[in-house]
Amino acid sequence: MKNNIKYCIGVMSGTSLDGIDIAYIKLNFNTSYQFEIMKATTIPYQQEWKSALKNGFHLSGEALTKLDADYGIYLGNTLKKFITENSIENLDFIASHGHTIFHNPAENYTLQIGNGPYINKITGIKTICNFRVQDIALGGQGAPLVPIGDMLLFSEYDYCLNLGGFSNISMNKNNQRIAFDICPVNIVLNHYVNSLNLEYDENGEIASKGNIDTTLLNELNSLPFYNDSKPKSLGYEFILETIFPIINKYNLEIKDILRTFVEHIAQQIAKKIASDSSKKMLITGGGAYNGFLIKRLQAHTKTQLIIPNNSIIDYKEALVFALLGYLKNEGKNNCLKSVTGASKDHSSGIIYTS
């Protein structure tokens with residue numbers, strides 16, 4: 001009988017640039033999928049890496065190609081150290097998301113740097129990566145990819161909400177899994193609080209002391225993206241070209257920017273779910289620790305907001321990319337057309353072996 005137990009590492013670097021999430025996972029399929037997060041850590045970025053990744057959007061082709069190689073080597077060495085320090089012996093593969101520099105499916109391109117050959121060479125472990133490009137080639141958004149994990153690993157919840165650099169949500173509708181990005185979250189909040197020499201607004205304390213600028217709030221809420229019903233996803237381009245210019249023209253204090261944007265986030269998320277006390281929504285990602293944001297979201301909906309244990313909050317995306325790698329390794333579909341808008345369900349990713 002085929003052994004359906006796999007030991008794998010999922011690797012995720014999000015747009016909020018908190019660091020590299022690494023999770024050593026035991027995955028098993030019998031009649032359903034089960035998982036165990038056995039070891040996990042976040043490696044914070046040193047300032048030089050944070051700056052390099054943040055500015056990758058502006059690099060020349062040659063400089064970006066070098067950054068891709070350098071970051072792949074960095075990931076490989078970081079993973080090798082993680083494997084050694086945790087005395088990991090059973091390891092079937094590494095599944096790496098990479099770090100997104102460009103994501104513009106409307107123009108048929110996306111780029112996640114730091115991918116497989118470098119990781120595979122340094123660790124000597126089968127590496128699965130590049131999960132988004134095939135979906136875009138099939139007419140999809142290449143995102144979000146996490147919903148298949150929501151469907152297979154967290155089916156007891158009516159909604160699965162991730163509050164990371166962006167907020168995204170998945171749910172079942174008409175017997176299909178659907179999902180979409182809702183709005184920016186930490187990528188905007190952290191940007192403004194960084195000007196106060198802080199990494200983030202802990203528990204939303206600064207935002208809670210600010211005032212809502214209703215004119216700014218109304219302008220943000222009226223952006224066309226929020227009324228577009230087709231499969232859609234957000235990239236850093238949307239922040240640079242749309243969000244920052246709108247906010248900056250108001251010349252507000254940081255606390256008022258944060259307060260207004262928190263309200264914007266809460267209102268946009270609440271619009272996408274039923275206000276029903278019988279329904280449950282799992283909330284993960286760094287924003288789950290922002291107590292003020294959660295409080296404001298709860299003020300706009302009767303749906304039960306479920307905050308899980310820290311390992312799920314912090315490492316759910318790394319876990320799901322491990323699952324994506326598992327499915328690719330087994331030749332099973334890991335991208336859903338109902339989520340991304342692709343022409344068909346498919347098994348996405350590239351496998352590199354030593």
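**View 1. Helices H6 and H9 pack against each other.** Helix H6 (residues 186-194) and helix H9 (residues 236-248) meet at an angle of about 50°, and their axes lie 11 Å apart. Here axes are lines fitted to C-alpha atoms, for helices over the stretch in contact, and angles run from 0 to 180 degrees between N-to-C directions. H6 and H9 are therefore oblique to each other; under 35 degrees counts as roughly parallel, over 145 as roughly antiparallel, 65 to 115 as roughly perpendicular and the rest as oblique. Their crossing is right-handed, that is, the near helix is turned clockwise from the far one by less than a right angle. On the H6 side the contact uses Ile-187, Val-188, His-191 and Tyr-192, while H9 brings Tyr-236, Ile-239, Ile-243, Phe-244, Ile-247 and Asn-248. Contact means heavy atoms within 4.5 Å. Sorted by class, this contact has 8 nonpolar, 2 polar and no charged residues, where Ala, Val, Leu, Ile, Met, Phe, Trp, Tyr, Cys and Pro are nonpolar, Asp, Glu, Lys and Arg are charged, and the others, Gly among them, are polar. Helices (H or I, at least four residues) and strands (E, at least two) are DSSP runs, numbered from the N terminus.

A note on the model: this is a predicted structure, in which local features need pLDDT of at least 70 and side-chain atom pairs count only at pLDDT 80 or more, whereas totals for chains, interfaces and linings use all residues. Residues are numbered from 1 along each chain as its sequence is written, and side-chain values use heavy atoms, with hydrogens and water left out.

**View 2. Helix H3 and its cover.** In helix H3 (residues 116-123), the buried residues are Gly-116, Ile-119, Asn-120, Ile-122 and Thr-123. Buried means under 20% relative accessible area, exposed over 50%, and partly exposed in between (1.4 Å probe, protein chains only). Helix H2 (61-85) and strands E4 (93-96), E7 (127-129) and E13 (350-352) are among the elements that cover these residues. Just past the end of H3, look for Gly-124, which takes a positive phi of about 75°.

View 3. Lys-66 and Asp-70 pair through their side chains, at 2.7 Å from N to O. A salt bridge here is a side-chain nitrogen of Lys or Arg within 4 Å of a carboxyl oxygen of Asp or Glu. Because Lys-66 and Asp-70 are 4 residues apart in H2, about one helical turn separates them. Lys-66 is exposed at 51% relative accessible area, and Asp-70 is partly exposed at 29%. The structure holds 8 salt bridges.

**View 4. Salt bridges between helices.** Lys-316 and Asp-150 form a salt bridge whose closest N and O atoms are 2.6 Å apart. Lys-316 sits in helix H12 (residues 310-329) and Asp-150 in helix H5 (residues 147-153), so the pair ties together parts 166 residues apart in sequence. Both Lys-316 and Asp-150 are buried. Glu-263 pairs with Arg-296, with 2.9 Å between the closest N and O atoms. Glu-263 is buried, at 3% relative accessible area. Arg-259 joins Glu-263 and Arg-296 in a network of salt bridges.

**View 5. Gly-142 and its surroundings.** Gly-142 lies in the loop between helix H4 (133-137) and H5. At 0% relative accessibility, Gly-142 is buried. Leaving aside neighbours within four places in sequence, Gly-142 is in contact with His-103, Arg-132, Asp-135, Ile-136 and Thr-340. The C-alpha atoms of Gly-142 and Thr-110 are 7.8 Å apart, with the two residues 32 apart along the chain.
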